[in-house]
Amino acid sequence: MVIDTNVFVAGLRSARGASREVLRRALTGRYEPLFGNALWLEYRVLLDRPVWGDATSATERLGVLAALAQRGRWVTIYYGWRPSLPDEADNHLIELALAANAEAIVTHNVRDVGCGELRLGSLRILTPAQCLEEWP
């Protein structure tokens, strides 16, 4: 599954909630997170931004990202699909999911990520809570 950066941030900012549980399941191997260059760079850049509050330290966030990298699968994207999402910066999520044959993109931005012009076949766009319901 592709875990959008907004789920990554929410999961690290709160000790509870669906986003935290999605990250926990990815870190324990229940879910296989998928990474591409663009998503990985988004994760990495976010570590240095002031969005975190006091829930985690910079060292802890870097440790979580390193652990996530060990559990996930790197995917090379050979073809750009350009699904024409409202936010151009989200197109890479669809490209990654299609290249990896992912079952789902987990995001808090379901409305925008799921409304591109490209037909996505069986790819699901789910909130963290929906993800937990689909794959307990």
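Trainee: What should I know about the model before we start?
Mentor: It's a predicted model, where local features need pLDDT of at least 70, side-chain atom pairs count only at pLDDT 80 or more, and totals for chains, interfaces and linings use all residues. Residues are numbered from 1 along each chain as its sequence is written, and side-chain values use heavy atoms, with hydrogens and water left out.

Trainee: At what angle do the axes of α3 and α5 cross?
Mentor: Helices here are DSSP runs of H or I with at least four residues, strands are E runs of at least two, and both are numbered from the N terminus. Axes are lines fitted to C-alpha atoms, for helices over the stretch in contact, with angles from 0 to 180 degrees between N-to-C directions. The axes of α3 (residues 37-46) and α5 (residues 91-100) come within 9 Å, and they cross at roughly 130°.

Trainee: And which word describes how α3 lies to α5?
Mentor: Under 35 degrees counts as roughly parallel, over 145 as roughly antiparallel, 65 to 115 as roughly perpendicular, and the rest as oblique. The crossing is roughly 130°, which makes α3, relative to α5, oblique.

Trainee: Which residues of α5 does α3 meet?
Mentor: Contact means heavy atoms within 4.5 Å. From α3 come A38, L39 and E42, and on the α5 side they meet H92, L93 and L96.

Trainee: In what order do the strands of the open sheet run?
Mentor: Two strands pair if DSSP finds at least two bridges between them. Strand β4 (residues 104-106) has three bridges to β5, and V106 has L126 in β5 as its bridge partner. β1 (2-3) and β5 (124-126) are at the edges with a single partner strand each, so one side of each has no neighbour in the sheet. With parallel pairing, the order is β1-β4-β5.

Trainee: Is L23 buried or exposed?
Mentor: Buried means under 20% relative accessible area, exposed over 50%, and partly exposed in between, with a 1.4 Å probe and protein chains only. L23 sits in helix α2, and beyond four places in sequence its contacts are V7, F8, G11, L12 and L68. Its relative accessibility is 3%, so L23 counts as buried.

Trainee: What about S19, buried or exposed?
Mentor: S19 is also in α2 (residues 18-27). Leaving out neighbours within four places in sequence, S19 contacts V7, A10, G11, H108 and P128. Its relative accessible area is 6%, so S19 is buried.

Trainee: How far apart are the C-alpha atoms of D48 and A58?
Mentor: D48 is in the loop between α3 and α4 (58-71), and D48 is exposed at 64% relative accessible area. Along the chain D48 and A58 are 10 residues apart, while their C-alpha atoms are separated by 7.8 Å.

Trainee: Last one: what is phi of N101?
Mentor: N101 belongs to the loop between α5 and β4 and is exposed, with a relative accessible area of 69%. Its phi is positive in a residue other than glycine, near 55°.
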